[in-house]
Amino acid sequence: MKINPTLRRASGLAVIGSALLIGQAHAQTIPESTECIAPAKPGGGYDLTCRLAANGLQDTNLISKPMMVSYMPGGIGAVAYNHVNGVRTDDPGLIVAASTGAAVNLALGKFGQYDADEVRWLGALGVDYGAIVVSADAPWENLEELMADLKDNPGEIAFGAGGTVGSQDWMKAALIAKSGDMSPKDLRYVAFEGGGEALAALLGDHIQVFTGDLSELKSQLEGGKIRVLASLSEERMGGPYADIPTAAEQGYDVEWPIWRGYYMGPDVSDEAYQAWIERMQELAEDPVFAELREARGLFPMSRFGDDFDTYVKEQVTEFKGLAEEVGLTQ
Amino acid sequence: MFDFLIDGFGVALTPLNLGLAFFGALLGTLFGALPGIGPINGIAILMPLAYTLGLPAESSLILLAAVYTGAEYGGRMSSILLNVPGDAGAVMTTLDGYPLAQKGLAGPALGLSAISSFIGATIAIIGLTLFAPLLAEIAVMFGPAEFFALMIFAFSSMSVMMGKDPIKTAIGAVLGVLIATVGIDSGSGVLRYTFGLPELYDGIDFVVMIIGLFAISEILLMLEHAHRSEDDGKLPPLGRVFVSLKEVIACKGAIGRSGLLGFIIGVLPGTGASVAGAVSYTTEKRLSDKDNTFGKGDMRGLAAPESANNAAAVGSFVPMLTLGIPGSGTTAVLLGALMLYNITPGPMMFTERPEVAGGLIASLYIGNVVLLMLNLPLAGVFARVLTIPRWVLVPAIAILAFVGVYQLHSDLFAIYLMLIIGVFGYLLRKLGFSLAPVILGYVLGGLMEQNLRRALSISGGDVGILWQSGISLGLWIAAALLLVLPWLVPKLLSKKSREEAQQD
């Protein structure tokens, strides 16, 4: 972010300037031109999050002009976070995609000088849940059997998922270990590039437990090659997931919601922030949006404004505690 | 058994879908030809468009698959014409493609690579149709340990590229491996060589690396020559336009073997067109480079990686269609596209949504023919690109690349990084290093390290896991043979011939 501040500021100002002009003309708090930054390369989860807002707002006629989706990969979201905190701090037309993974990175101090208090947390439009998955021919029928075996033979059972050590995928494995009175440090965790590779490794019995997300398991459930021992949700999910017990039901108090939400710059006016909250609430209640959300494999979640802000900050605090416990903070 | 394919052809041959396959092939070729936009970005850009247009699932999948295969065709153009690989799979294509163009054989080189691409892809599509479910079972047998052994095999097969300066080749490869270590270490979550810059957390992007290393260094070399000599404007001769049947037949072995090899590598989740290109080139060089002409404009050295990278692109559909597991970044994006239509790929897709599975496979057949028809006649047109002076052409490509990279990163850091890598590449070239080992070290080294770390986290640090399975043991032995045989065989042969001489 320190590379070319003048140019950045100039372009930022231009955007803000034009936004202000439009705002005045229409006496609106949110400019007509809106933008969502996906802090990743095209095609990933953040892209999906931005498109959920962009397509949803357009299909429900809550915006008149299509929302622009731009990409700002780097630092697992840190580059975009710094950008919003340093350059486009008060752009009323800009939202940035975030998820549980961003909260984890904030907790680990991976977003540089900025912490979770810096931005205005707008809200979440959907959520996915973690899942504990084993192969269909694995010896464990439920979470308790797995945990008992894990205690006796920690070296025989390897966990794996699509994220690095310290990522939200790893957190799921760490929390499960913790709930069974094991130290996450003793866990054998294998970091793959994306959930697909980890799933392949599970099917080939290279790893024994995959800590994935419910939505990415839909096709596998039908295929009958895997067994989901637990979903990390508050309660059982419906549809194809109805038979999957929660971890809490089985006596392991672990929940892992992967929310998909947005934040705005720290200096965005209260009026614009409130207008966005109302707009997002309206979107979340629209049946057209429910269809869009389901098509992306997401479950409903409606937390906006202060409610969401508190939620994210509590999460960050909780993750900080966990990270310190296992010696991950820097 | 092949009902789905017959249905599929019915779907793929409707005017709309045929038109989309054609449109996708054309766009894909363009995306591949422009350095900076690869198949992943091409598909990610088009996906929301297809969805917004309200295309049915099979149609948008046909469009996106055509873009994907088209990009593998297109990637070779700037490799051959400018010595700048258009995408990851086309790195090896520069090695013989560019020298061919310099000899005035740009037209035939483009034509031959189109035919190789066609045959390689066709081999893979047939493989996909016949053996997909079986292959998927074998693919999941490859775990981290097996992948590590495969990378060892790939590196030892690179030894054939040592050429006249083995030390420099080795140093180049090691430099590439070093660059691959930048970023968050996935095994421990620790930041490596990021110097407190969040922009480096995710490592150095492949596109940034390739444009910097190849295109920027090329411009710097040209700048230097412009100040020194008069003959800068001299263009390579533009010879004949079409490849002859004789030349194609001379490459039949290279094309066939590489197609098969590329397909197998593509099927494995996690290895794609770049690995396929590297392994097939080095294998072919070992098998057929009797007169040491590879790297100097040998048609076979061009045909091999082109056949392999297209075959690999098709191969990566196997785990996606049969297991619902994306075998490459590009198929991961395609999988996302399917999810949007509420289709979950996997074994059930062939029975539940045969029009999608069959339509996709049929469209691969059709798209491939379209691509050949599109690319063969165009070879002559594209070869004319070389009549543009290089001092116009290369900067123009660089500008396109700058725009492409900026578009993908929304960040000037990537541009600066690209320039730094360009200067680095220029210095390497001045010192007589070849760039291919650097880029291969970067691609293979990253995969090798990750898989080594994964294997060791599974075993808890016991290195025995690395040769425990039959597959990995076989790969280790093959790798050892690759290193020992070239040294051993001539000795044995000369001994034998000495004995024979004595008998005479």
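How many residues of chain B are in contact with chain A?

1. In this interface, 48 residues of chain B contact 48 residues of chain A, contact being defined as C-beta atoms, placed from the backbone, within 7 Å. The model is predicted: local features need pLDDT of at least 70 and side-chain atom pairs count only at pLDDT 80 or more, whereas totals for chains, interfaces and linings use all residues. Residues are numbered from 1 along each chain as its sequence is written, and chains are lettered from A in the order in which they are written.

2. Several helices of chain B, among them H3 (39-52), H18 (390-409), H19 (412-430) and H20 (435-459), each supply at least two residues of the side that touches chain A; helices are DSSP runs (H or I, at least four residues) numbered from the N terminus. That side of chain B comprises 28 nonpolar, 16 polar and four charged residues. Here Ala, Val, Leu, Ile, Met, Phe, Trp, Tyr, Cys and Pro count as nonpolar, Asp, Glu, Lys and Arg as charged, and the others, Gly among them, as polar.

3. Chain A is assigned domain 1 (5-127 + 258-325) and domain 2 (129-250), with bounds from an automatic or database domain assignment. Their C-alpha centres lie 30 Å apart. The contact between them takes 10 residues from domain 1 and 11 residues from domain 2. Helix H4 (residues 100-107) of chain A gives the largest share of the domain 1 side, three residues.

4. A:Leu292 belongs to helix H10 (residues 287-295) of chain A. A:Leu292 counts as buried because it has 21 C-beta neighbours inside 10 Å, the criterion being 20 or more other C-beta atoms, placed from the backbone, within 10 Å of its own.

Note on methods
Contact = placed C-beta atoms within 7 Å. Buried ≥ 20, exposed ≤ 12 C-beta atoms within 10 Å, placed from the backbone.
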